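This report looks at aromatic side chains and their surroundings. Please have the sequence and the structure at hand while reading.

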Amino acid sequence: RARRAGPPDGGWGWMIVAGCFLVTICTRAVTRERHCCLCISIFFVEFQAYFGQDYARTAWIHSIVDCATMLCAPLGSLISNHVSCQVGIMLGGLLASTGLILSSFATSLEHLYLSLGVLTGLGFALCYSPAIAMVGKYFNKRKALAYGIAMSGSGIGTFILAPVVQLLIEQFSWRGALLILGGFVLNLCVCGALMRPISLKEDCKTAPELLEQNYVPETEKQDLKRMSICSPLIKLWPHERLCYCSWKEYDFLLMPGFMVLAVSILFMAYGCSPLFVYLVPYALSVGVSHHQAAFLMSILGVIDIIGNVTFGWLTDRRCLKKHRYFCYLFAVGMDGLSCLFLPVLQSFPLLVPFSFTFGYFDGAYVTLIPVVTADVVGTPLLSSALGVVYFLHAIPYLVSPPVAGWLVDTTGSYTASFLLCGFSMIFSSALLSFARLAKKIKRTHLPSLTGNTALKQHIWTNGAIAYSVTAELDQRDVEFLAVDTNSFSKR
C-alpha cells in the first residue's frame, strides 16, 4: 500500500468519523468508557434493590467494567497496530454483546462482576482506543473538530438511551433491558468494517529501511539485524514494520511531558468517575422522581454534544490552536468546581444547571484528551499512547466508586464523596498548569541553547534523541537537549 504524505483531512476520513461516532454511542453511552457508567447508572438502583446489597458492593459492578475497559486498552492498541483495527473492533463488539446478554441471566452480583464487568469491559477495550486513534490518522488541520463530532456520539447516545433504558426496565425489567442492549451493541461489528487502514510517511518505517538511514545509532542497527534474524514472528507476521515499531513504540513513556500528563490523568479519572455512578441515586435521595433523574442524564448528554463540537471547532481556530493544552486544563478545572457545588443542589430546578455546566465542560475535555495526547507524543504513536492513557484510568475507576459508596454508607450523605471528586479534578488541572509554567521558566534559562542552530543540528545527527530524528526539532525537545548538553560538551 502506497504511503500518503500526510492525513487526507477529509474523504474517507469522514466515514472513519462516522464509524467512531457509532463506537462512542455503543460503548460510552451504554457503559461510559472514560467515565463511569451512564446508562448502567440507571441499572444501579435496580441491581441494589433486586440483590439487596449496599452501595459499596453494588458499585463494584461499575468499577469493574470501567477498570477492565481501561486495563485492557493497551491490548486493543496492540491488536490494532499489529493485526487490524477492523479485526479488533469486530472482536470487541462480539465480546461486549456476549457480556451484556449473559448479564441478563445473572443470579448474583458476582455473576454481574464477571459478565457485565470483565467480559463487556474487555470488549469495549478492543473497540474504543483503536477507533479514536484512527480518526487522528485521517485528520490534522481539522483534528479537534473531527474528534468533537466523533465523540459527540457519547452525548447523543446518552440523550437517547437514558430514557429508553428507563422505559425498557419498566416494560421488560432489567433483565430484558440488558438483553436488548446486548443486541444493540452488536452494531460495533458494523463500525469495525468502516475502519479502512491508512499508511502515512510519518509512520514507523520497516527495519530494512531504518538500517539504511544514517541517523539510526549503530547499536540500534545491530539490534535490528539480530531481531530480524532471530525472531520467527517477524518472518511470519503480515506487517513488515512490526520489528522496529514493537521495539520503539512505547518510547514516549520516558518523555517528561507525557509523565506529567499521565499523573494528572490519574487524579482526573478518580474525580470524574463516582459522579456518573451516583448522580441518579443522589437525585432520588433529594426527592427527584425516577423520570426526572433520567432526564438529568439526558440533559447532560445533550450539553455534552455541544461541548464536544463547539470546543473542537474553537480549538481548531488559529487563535486557540496553540492553546489547546490550556483549554483542556480550564475544562477539567470547571468540572471540578461543579462537583464542589453539587452537595448544596437539592432540588430538580437546581440540578438542571449543574447538568448543563458539568455536561458542557465534560464534553469539552473529552474531545481534547486525544488531541492533547497527540500533541505530546505525535500522531504515529497516538494509538499506543491512547492505550496507555486509558490504561491509567483503570485503578481510579476501580477504586473511586466503592470509596465514594463507602463514604455514603459511613456518613449518610453524598457530600464527602462529591467534595473529594471536585478537589481531585482541580488538583489534576493545577498539576498540569504548574508543570507547563515550570517548563516555560526553564526555557528562559536556555537562550544560548535555543538560539544555536549548529548545536541543534549536531545533536540531531548524532542520534542523541532517537524519538525525534524523523520530525522537526521543536520546543518540547529543549528539555532533552539540556540534559544531554554536559555529556555532549565532553565528547
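## Exposure of F267

Does F267 count as buried, partly exposed or exposed, and what is its relative accessibility? In this predicted model, F267 has a relative accessibility of 33% and therefore counts as partly exposed, since that class lies between the limit of under 20% for buried residues and that of over 50% for exposed ones. The residue is found in helix α13.

## The nonpolar surface patch

F267 is one of the residues that make a nonpolar surface patch of about 310 Å², together with V263, L266 and F427. Helix α13, which spans residues 256-285, supplies the largest share of this patch, namely three residues.

## Two edge-to-face pairs

A pair of aromatic rings is described by the distance of the centres and the angle of the planes. The structure holds 20 aromatic pairs. In the pair of F267 and F427, the ring centres lie 4.6 Å apart and the planes stand at 65°, so the arrangement is edge-to-face, given that angles over 60 degrees are assigned to that class. This pair links distant parts of the chain, because F267 belongs to helix α13 whereas F427 belongs to helix α20 (residues 415-444), and the two are 160 residues apart. With a relative accessible area of 41%, F427 is partly exposed, and F267, at 33%, is partly exposed as well.

Y282 and Y414 form another aromatic pair that is edge-to-face, with 5.4 Å from centre to centre and 75° between the planes. Y282 lies in helix α13, while Y414 lies in the loop between α19 (394-411) and α20, so this pair ties together parts of the chain that are 132 residues apart in sequence. Both of these tyrosines fall under the 20% limit for burial: Y282 is buried, with a relative accessible area of 4%, and Y414 counts as buried at 8% relative accessibility.

Which residues form one aromatic cluster? The members are F43, F47, Y50, F51 and W174.

Definitions and conventions. Residues numbered from 1 in each chain as written. Predicted model: local features only at pLDDT ≥ 70, side-chain atom pairs only at ≥ 80, totals over all residues. Heavy atoms only, no water. Patch = residues over 30% accessible without salt bridge, like charges linked within 9 Å, V, L, I, M, F, W, Y side chains within 5 Å. Areas by Shrake-Rupley, 256 points an atom, 1.4 Å probe, with all protein chains shown as cover. Salt bridge = Lys/Arg side-chain N within 4 Å of Asp/Glu carboxyl O. Helix = DSSP H or I, 4+ residues; strand = E, 2+ residues; numbered from the N terminus. Buried < 20%, exposed > 50% of the residue type's maximum accessible area, 1.4 Å probe, protein only. Phe/Tyr/Trp six-rings, centres within 6.5 Å; stacked < 30°, edge-to-face > 60°.
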